[in-house]
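Dear colleague,

Please find below the structure for your files.

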Amino acid sequence: MMPLVYAEKDKPLSIRKIGGNPETKKHLADLGFTVGSEVCVVNRLGGNLIVKVKESRVAVSNELAGKIMI
């Protein structure tokens, strides 16, 4: 298990765990990041990740991506 920050680009992966405080977990869940969901890093821009999750593209900071374990 490793943080999403270290994921390879264009490789579909499954979310295994979401860390952080309850507010952070809820924010990530609202964006579609839930345990068992498939995610794929599309691009890296200026310290942020563009991630495809549930047929949407979402920008997440490295800090938030570090809380998503794949």
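Which residue in β3 does S14 stand opposite? S14 stands opposite E38.

This is a predicted model, in which local features need pLDDT of at least 70 and side-chain atom pairs count only at pLDDT 80 or more, while totals for chains, interfaces and linings use all residues. Residues are numbered from 1 along each chain as its sequence is written, and side-chain values use heavy atoms, with hydrogens and water left out.

The sheet

Helices (H or I, at least four residues) and strands (E, at least two) are DSSP runs, numbered from the N terminus. Two strands count as paired if DSSP finds at least two bridges between them. Four strands form an open sheet in the order β1-β3-β4-β5, with antiparallel pairing. Its edge strands are β1 (13-14) and β5, each of which pairs on one side only. β1 is joined to β3 by two bridges.

Strand β3 (residues 38-45) pairs with β4 over six bridges in the antiparallel sense, and here C40 stands opposite K52 of β4. Two residues lie between the strands of this hairpin, where G46 takes a positive phi near 50°. Six bridges also join β4 to the antiparallel strand β5 (residues 56-61); V58 in β5 is the bridge partner of V51. The hairpin of β4 and β5 likewise has two residues between its strands, and K54 takes a positive phi near 50°.

Strand β4 (residues 48-53) has L49, V51 and V53 on a covered face, and N48, I50 and K52 on an uncovered one.

A nonpolar core is a set of buried (under 20% relative accessible area, 1.4 Å probe, protein chains only) Ala, Val, Leu, Ile, Met, Phe, Trp, Tyr and Cys residues joined through side-chain atoms within 4.5 Å. The largest such core has 19 residues, and those with the most contacts inside it are L4, F33, V39, L49, V51, V60 and I68. At least two residues of this core come from each of β3, β4, β5 and α2 (62-65), and β4 gives the most, with three.

At the start of helix α1 (residues 22-31), a side-chain oxygen of N21 reaches to within 3.1 Å of the backbone nitrogen of E23. Just after α1, G32 takes a positive phi of about 110°.

With kind regards

How values were computed: Buried means under 20% relative accessible area, exposed over 50%, partly exposed in between (1.4 Å probe, protein chains only). A polar contact is a pair of N or O atoms within 3.5 Å; within protein, one must be able to donate a hydrogen and the other to accept it, and residues adjacent in sequence count only if both atoms are side-chain atoms.
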